[in-house]
Amino acid sequence: MSTRDIAGEIRAYVVAQFLAGEDTSDLTGDYDLIDSGVIDSLGLVRLLSHLTQAFDIPVDDIEFTPDDFRTLDSITAVVEAHAPAQVA
C-alpha cells in the first residue's frame, strides 16, 4: 500500500467519522485536527482503534504522543512506521 493510499484511507475515515456533512476543503495533510477540535480525546481513541484494525498494527506496538495524531500527514507517518511491510 502506497503512502498516498494510506493517507487517502485515513482522510476518508476522518471525514466519515468526524466531519460528516461538513465542508472538508480545508482538510489538507497539515491541517491541525486537535487544535481545530476535529478530534478530541475520545476521537483519538476511536482513530487509534481504527488504525490498528485497518492496518493490522498491534496497539501495544505503537508508541505515540498527541503530536503523532495532530495532522493527516503525521498519522500517515505513524502507520507507515508501525504497519507490517505489506501495508507500508
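**View 1. Crossing of helices α1 and α2 in the predicted model.** The crossing of α1 and α2 is right-handed. Helix α1 spans residues 3-18, and helix α2 spans residues 41-54. Their axes lie 11 Å apart, and the packing angle is about 140°. The pair counts as oblique because of that angle: roughly antiparallel would need an angle over 145 degrees.

**View 2. Residues in the contact between α1 and α2.** From α1 come E9, I10, Y13, Q17 and F18. From α2 come G43, R46, L47, H50, L51 and A54. What classes of residue make up the contact of α1 with α2? There are 6 nonpolar, 3 polar and 2 charged residues.

**View 3. Buried residues of helix α3.** Helix α3 runs over residues 72-82. Its buried residues are L72, S74, I75, T76, V78 and V79. Against which helices do these buried residues pack? They pack against α1 and α2.

View 4. T76 is one of the buried residues of α3. Its relative accessible area is 5%, so T76 counts as buried; the cut-off is under 20%.

Technical notes:
Residues numbered from 1 in each chain as written. Predicted model: local features only at pLDDT ≥ 70, side-chain atom pairs only at ≥ 80, totals over all residues. Heavy atoms only, no water. Helix = DSSP H or I, 4+ residues; strand = E, 2+ residues; numbered from the N terminus. Buried < 20%, exposed > 50% of the residue type's maximum accessible area, 1.4 Å probe, protein only. Axes fitted to C-alpha atoms, helices over the stretch in contact; angles between N-to-C directions. Parallel < 35°, antiparallel > 145°, perpendicular 65-115°, else oblique. Left-handed = near helix turned anticlockwise from the far one by under 90°. Contact = heavy atoms within 4.5 Å. Nonpolar A, V, L, I, M, F, W, Y, C, P; charged D, E, K, R; others polar.
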